[in-house]
Amino acid sequence: MFQVVYADELTVSDYDYFDLFRSLEMSNDNWEEVVKRIKHHNVQVVAEVFGTKSFDLMINLGVDAIKVHASDIANTPFLQYIGSYDIPILLAVGGAENEEIKRAISMLNNNKEII
């Protein structure tokens, strides 16, 4: 599993660490090569995403599952967007209340596996 980082999905541009996050970004071509190499070795590809840009890229590259970070447990628009796709989801719930977890699962549950 790896994290797909885009600075503008993680923070606002005037945040102190925005440039650090920007420096961690990889090009779409690089991500395509990463996914291709992992699949070449018959290993399932799981990507942790932080927004629709990283999610869409990973879906287009054919990853096997998506991990949703615990910080997105209450990000309703993002969860609804992910929930419209039929792909296995690993949902991180660290620090979340039971009701938040149930609500997130209900938005993600589109006849898919949620772990």
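Here is a short chat about a predicted model, covering its sheet and a stretch of loop.

User: Why is V12 called exposed?

Analyst: Exposed means over 50% relative accessible area. V12 has 53% relative accessibility, so V12 counts as exposed. You'll find V12 in the loop between α1 (7-10) and α2 (18-23).

User: And why does T11 count as buried?

Analyst: Here the cut-off is under 20% relative accessible area. T11 comes out at 17% relative accessibility, so T11 counts as buried. T11 also sits in the loop between α1 and α2. Leaving aside residues up to four places away in sequence, T11 touches F18 and F21.

User: What makes V12 part of a nonpolar patch on the surface?

Analyst: To join a patch, a residue needs over 30% relative accessible area and no salt bridge, and nonpolar side chains such as Val, Leu and Tyr are joined within 5 Å. V12 has 53% relative accessibility, and V12 forms the patch with Y15, Y17, L20 and L24. Together they have about 510 Å² of accessible area.

User: On to the sheet. How do you know that β2 and β3 pair?

Analyst: Strands pair if there are at least two bridges between them. Strand β2 (residues 46-49) and β3 have four bridges, in the parallel sense. As one example of who faces whom, E48 stands opposite K67 in β3.

User: What about β3 and β4: how many bridges join them?

Analyst: Three bridges join β3 to strand β4 (residues 89-91), and these two run parallel. To get from β3 to β4 the chain goes through helix α5 (residues 76-83), in a right-handed β-α-β crossover. There's also a right-handed β-α-β unit made by β2, helix α4 (residues 52-60) and β3.

User: What makes β1 and β4 edge strands?

Analyst: The open sheet has four strands in the order β1-β2-β3-β4, with parallel pairing. β1 (2-3) and β4 each pair on one side only, and they are the edge strands.

User: How do you know that both faces of β3 are covered?

Analyst: In a regular strand, side chains alternate between the two faces of the sheet. In β3 (residues 65-68), A65 and K67 are on one side, while I66 and V68 are on the other. All four are buried, and both faces are covered.

How values were computed
Residues are numbered from 1 along each chain as its sequence is written. This is a predicted model: local features need pLDDT of at least 70, side-chain atom pairs count only at pLDDT 80 or more; totals for chains, interfaces and linings use all residues. Side-chain values use heavy atoms; hydrogens and water are left out. Patches are made of residues with over 30% relative accessible area and no salt bridge: like charges are joined within 9 Å, nonpolar side chains (Val, Leu, Ile, Met, Phe, Trp, Tyr) within 5 Å. Accessible areas come from the Shrake-Rupley method with a 1.4 Å probe; for residues, only the protein chains shown count as cover. A salt bridge is a side-chain nitrogen of Lys or Arg within 4 Å of a carboxyl oxygen of Asp or Glu. Buried means under 20% relative accessible area, exposed over 50%, partly exposed in between (1.4 Å probe, protein chains only). A crossover is right-handed if, with the strands pointing away from the viewer, the path from the first strand over the helix to the second runs clockwise. Contact means heavy atoms within 4.5 Å.
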